[in-house]
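Look at the strand pairing first.

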Amino acid sequence: MEFLTEQVVSCPYCGEAIEVLIDHQEAGHQYIEDCQVCCKPIIFNVALGSLGNLSVSVRDENEA
Ligand SMILES: [Zn+2]
């Protein structure tokens with residue numbers, strides 16, 4: 001079973017809306033992707049909720 005979930009997040013640096021596609025295999029993982037607008041590295045965190053829903057949050061690399 002494979003679900004792709006589309007989420008829209010905002011770049012923590014420039015605020016640009018970014019569409020990301022995540023799947024269940026990425027739950028619990030984080031990855032880094034450069035913002036297409038400001039080219040700074042955004043840290044994406046993919047989490048699996050108790051209802052089986054995927055959510056993604058972003059933070060900048062300077063946050064602890
Ligand atoms: Zn940006």
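Phe44 stands opposite Val58 in β5. The model is predicted: local features need pLDDT of at least 70, side-chain atom pairs count only at pLDDT 80 or more, and totals for chains, interfaces and linings use all residues. Residues are numbered from 1 along each chain as its sequence is written.

**Sheet layout**
- Three strands form an open sheet in the order β3-β4-β5, with antiparallel pairing.
- Strands (E, at least two residues) are DSSP runs, numbered from the N terminus.
- Two strands pair if DSSP finds at least two bridges between them.

**β3 with β4**
- β3 and β4 (residues 41–48) run antiparallel and are joined by five bridges.
- Asp34 stands opposite Pro41 in β4.
- Ile32 stands opposite Ile43 in β4.
- The two strands β3 and β4 make a hairpin with six residues between them.
- Cys39 in that turn has a positive phi of about 65 degrees.

**β4 with β5**
- Seven bridges join β4 to β5, and these strands run antiparallel.
- Their hairpin has five residues between the strands.
- Gly52 in the hairpin of β4 and β5 takes a positive phi near 85 degrees.

Methods: Helices (H or I, at least four residues) and strands (E, at least two) are DSSP runs, numbered from the N terminus.
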